[in-house]
Protein chains: 2
Amino acid sequence: MMKRNTWQREAVREALDTTEGFISAQALHSALHASGSPIGLATVYRALGDLASSGEADSLQSPDGEALYRACSTAGHHHHLICRNCGLTVEIEATEVEAWAKGIAAEHGFTEAAHVVDVFGLCADCTRPAATTESPDRAG
Amino acid sequence: MMKRNTWQREAVREALDTTEGFISAQALHSALHASGSPIGLATVYRALGDLASSGEADSLQSPDGEALYRACSTAGHHHHLICRNCGLTVEIEATEVEAWAKGIAAEHGFTEAAHVVDVFGLCADCTRPAATTESPDRAG
DNA sequence: GATGGTTTTGACAATCATTATCAATAACAC
DNA sequence: GTGTTATTGATAATGATTGTCAAAACCATC
């Protein structure tokens, strides 16, 4: 089975690149449609899945059980600081946590330890009280 | 609205208590049915949700986007070390990580930081090469 | 123990994300 | 250009979860 290059796959890759934070497959599909692309939903799912398994994107599960994707520049292992209001995402390195995870795992006899470490919060902008005239938009 | 005690809620609490690792709502419902309980699926979902929000159980998203629950003895905030093969779960404290998460969040202007920190690996038993005569059972 | 107000239950429909299906299409080697 | 074959996309199917609402259960009270 040889991989072929299609404009659809390119479109997904590009849309992901130009997206600030994490985005769901559904939202990405909507965004593409809004830009005039007739790409199909199933194709977006497939492309995102491919991107994720090839390491060009990384994915995480939102608290709602939705799969979220993001283009990641850093090829290596890293984590995220995500604003739960506007979706702003900061890639963070977690040297200490890596060490900690490895240590904890070893301590309990575990091997091949992988870990899920993501921090959700409110970014500086979204921290301003909602009582103001405007409430920040939800990214999507 | 006053909470009432029903045998259903007790059944869910107990089933969760006697379960080794994390379990999904569906699986817990099946288990209860298998034990002869006529409890409804919706009720199991409700009970688990209540248990989770009252802090008596904690929940996490499986890589498949399923919500998994587990009775937790430790009332406070803690994390998990989970065997991806047999489901064995160890509750761990992560003082360092708490501090780190708070620090990272503050450093980037984030507030109200919550974090998802779970370590998946192979426990000591499951680490033994699969080439042996027996392969360990998958917990369910 | 019976009664009544209110919560809870449960069968089922509805919703939502995701995956499978499969004929039509498009990419690539020649 | 031609043929082979991976890819697409509309839609159905799946599977987890939530909403609905009348009937049943809980519990304070008599």
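User: Where do A:E10 and A:R13 lie?
Analyst: Both lie in helix 1 of chain A, residues 7-17. They are 3 residues apart, about one turn of the helix. Keep in mind that this is a predicted model.

User: What does A:E10 form with A:R13?
Analyst: A:E10 and A:R13 form a salt bridge. Their closest N and O atoms are 3.4 Å apart. Side chains of opposite charge can pair when their charged atoms come close.

User: How many salt bridges over all chains?
Analyst: A search of the whole structure finds 8.

User: And how many salt bridges across the interface of chain B and chain A?
Analyst: The rule finds 0 there. Polar contacts do turn up: 2 residue pairs between chain B and chain A, both at pLDDT 80 or more.

User: Which one gives the most?
Analyst: Strand 6 of chain B, with 12 residues.

User: How much area do chain B and chain A bury between them?
Analyst: About 2900 Å². Carbon and sulfur atoms account for 67% of it. On the chain B side, B:W100, B:F110 and B:V116 supply 23% of the area buried against chain A. That is more than any other three residues.

User: How many residues are in contact?
Analyst: 38 residues of chain B are in contact with 38 residues of chain A.

User: Back to strand 6. In what sense do the strand 6 copies of chain A and chain B pair, parallel or antiparallel?
Analyst: Antiparallel. Strand 6 of chain A, residues 111-122, pairs with strand 6 of chain B over 9 bridges.

User: What stands opposite A:F120?
Analyst: B:A114, in strand 6 of chain B.

User: Now symmetry. How can chain B be laid on chain A?
Analyst: By a turn of 180° and a shift of 0.1 Å along the axis. The RMSD is 0.6 Å. The two copies are thus related as by a two-fold rotation axis. The same surface serves both copies, as 100% of the contact residues of chain B recur in chain A.

User: Switching to the sheets. What is the strand order in the open sheet of chain A?
Analyst: The order is 1-3-2, with 3 strands and antiparallel pairing. Strand 1 (23-24) and strand 2 (57-61) of chain A stand at the edges. Each has a single partner strand, so one side of each is left without a neighbour in the sheet.

User: How many bridges join strand 2 of chain A to strand 3?
Analyst: 5 bridges join strand 2 of chain A to strand 3 of chain A, residues 67-71. A:L60 stands opposite A:L68 in strand 3 of chain A.

User: And the open sheet of chain B, what order there?
Analyst: 1-3-2, with 3 strands and antiparallel pairing. Strand 1 (23-24) and strand 2 (57-61) of chain B are the edge strands, and each pairs on one side only.

User: Which residues stand opposite B:L60 and B:D58?
Analyst: B:L60 stands opposite B:L68 in strand 3 of chain B. B:D58 stands opposite B:R70, also in strand 3 of chain B. Strand 2 and strand 3 (residues 67-71) of chain B pair over 5 bridges, antiparallel.

User: Last one. In the hairpin of strand 2 and strand 3 of chain B, which residue takes a positive phi?
Analyst: B:G65, with phi near 85°. That hairpin has 5 residues between the strands.

Conventions
Residues numbered from 1 in each chain as written. Chains lettered and ligands numbered in written order. Predicted model: local features only at pLDDT ≥ 70, side-chain atom pairs only at ≥ 80, totals over all residues. Heavy atoms only, no water. Least-squares fit on C-alpha atoms with pLDDT ≥ 70 in both. Contact = heavy atoms within 4.5 Å. Buried area = accessible area lost by both parts, 1.4 Å probe. Salt bridge = Lys/Arg side-chain N within 4 Å of Asp/Glu carboxyl O. Polar contact = N/O pair within 3.5 Å; in protein donor to acceptor, adjacent residues only side chain to side chain. Helix = DSSP H or I, 4+ residues; strand = E, 2+ residues; numbered from the N terminus. Pairing = 2+ DSSP bridges.
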